[in-house]
Amino acid sequence: MRLSMFNNHCKLKLFSVVDTRFASTIVMLKRFKTIKKGLEQLVISEEWEMYKEDDVVQAKEVKDKILNEDFWMDVDYILSFTAPMYEMLRLANTDKPCLHNIYEWWDSMIKRVKEAIYKKEHKSFTKNSRFFDIVNGILVERWTKSHTLLNSLAHSLNPRYYSQQWLDESHDRVPPHRDMEVVRERKKCFERYFSNEVERRRANEEYATFSACLEHFSSSDSINDRWHMSPIKWWVVHGTSAPMLQSIALKLLGQPCSSSCCERNWSTYNFIHSMKINKLTPQRAEDLVYVHNNLRLLSRRSPNYNEGESKMLDIGGDGFDSMDIENAGILEIADLSLDEPELEAILFYSEGNASL
């Protein structure tokens, strides 16, 4: 009855919180905000008055909550300071090369979170916010746990972060060779990577010429292309004079920063070699996973991927019924944002029951 009443007033569906889905609470709150008017119409309708007879106390609590503007202000506030975190995690949780962007995303995310919290509390940045200190402490703890020295080295080898255009975008930006934290961790990384002192000194000399735009890196094309070209292409074109750094840069700048691509392979393997299909040899199953994932990647390059009946054919993961009402693995899509225009009619179920 509840689901029928809800469908009469809301064109979109509700998302339920699923522990195994990525940031499903944030996505659920975003959908809650989108269907606010429909929910308000629902709880003041005659149908709701009839439904109240089944559970008067619970129905009154739901109605009071839906019609309470303070509740919706809290939803807006939660979305405002969690959106930057969600967006950064979603960007990092892809198989795209992004190891060299983590530092920039992190700084931008912290700044946006602070702005949202201080705006709500009507405070200037010179004052302290206890809530921001708590949130920042949690974020820093997670950052410390997942951060590696390779993040600093990749950041140091991204020519874009030495360009004047990038530095001018914000007054508090400095190039990587002037950031104490990045410099300290880059040195540690060099010490581990180059155990030979002579090789390490040579690598440091190459880095000095690269970061200070000296010798072969001083040409106008080399300096201008730091902003206009992708990092990998820049190193291919201009990095020949620093072979040791060029070799490291081409490896690091092509690396994703998440293991999600490996996890998707495991999910694909589970789809291919299941309880129903378990007579495949390990080599045959491995070959099928290889073919399956590469066909998926090739399909995304097709102009038909974003249009027609088969658009975004891999959006729901590897299950045969992944786009059906049940078992919809929608939140696994790599590029899903807080707005889901392609997924408006999907209803999430938890333990077989619709969660309203």
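View 1. A residue counts as buried when its relative accessible area is under 20%. In this predicted model, F210 has a relative accessible area of 0%, so F210 is buried. F210 sits in helix α12. Setting aside residues up to four places away in sequence, F210 touches S156, L157, P159, Y162, F217, R226, W234, W235 and L245. S222 lies 12 residues from F210 in sequence, and the two C-alpha atoms are 10.0 Å apart in space.

**View 2. The largest nonpolar core.** This core has 22 residues. Within it, L157, F210, W235 and L245 have the most contacts. Two or more residues come from each of α9 (149-156), α11 (180-193), α12, α14 (231-238) and α15. Helix α15 gives the largest share, five residues. Follow W235 through its contacts. Leaving out residues up to four places away in sequence, W235 touches L157, P159, F210, T240, L245, Q246, A249, L250 and L253.

**View 3. Helix α12 against helix α15.** Two packed helices are described by the angle between their axes and the distance between the axes. Here α12 spans residues 197-211 and α15 spans residues 243-252. Their axes come within 8 Å and cross at roughly 80°. Angles of 65 to 115 degrees count as roughly perpendicular, and α12 and α15 are therefore roughly perpendicular to each other. On the α12 side, the contact is made by E199, R202, A203, E206, Y207 and F210. On the α15 side, P243, M244 and L245 take part. Of the residues in this contact, six are nonpolar, three are charged and none is polar.

**View 4. The buried side of helix α3.** Helix α3 covers residues 36-43. Its buried residues are K36, G38, L39, L42 and V43. They cover an arc of only 165° around the axis, so they lie on the same side of α3. An α-helix has 3.6 residues a turn, so residues three or four places apart point the same way.

**View 5. Two loop residues with positive phi.** Most residues other than glycine have a negative phi. H122 is not a glycine, yet its phi is positive, near 55°. H122 is found in the loop between α7 (102-121) and α8 (130-146). Its relative accessible area is 74%, so H122 is exposed. E215 is not a glycine either, and its phi is positive, about 50°. E215 is placed in the loop between α12 and α13 (220-228). With a relative accessible area of 61%, E215 is exposed.

Notes. Residues are numbered from 1 along each chain as its sequence is written. This is a predicted model: local features need pLDDT of at least 70, side-chain atom pairs count only at pLDDT 80 or more; totals for chains, interfaces and linings use all residues. Side-chain values use heavy atoms; hydrogens and water are left out. Axes are lines fitted to C-alpha atoms, for helices over the stretch in contact, and angles run from 0 to 180 degrees between N-to-C directions. Helices (H or I, at least four residues) and strands (E, at least two) are DSSP runs, numbered from the N terminus. Angles under 35 degrees count as roughly parallel, over 145 as roughly antiparallel, 65 to 115 as roughly perpendicular and the rest as oblique. Contact means heavy atoms within 4.5 Å. Ala, Val, Leu, Ile, Met, Phe, Trp, Tyr, Cys and Pro count as nonpolar, Asp, Glu, Lys and Arg as charged, and the others, Gly among them, as polar. Buried means under 20% relative accessible area, exposed over 50%, partly exposed in between (1.4 Å probe, protein chains only). The arc is that of the directions from the helix axis to the C-beta atoms. A nonpolar core is a set of buried Ala, Val, Leu, Ile, Met, Phe, Trp, Tyr and Cys residues joined through side-chain atoms within 4.5 Å.
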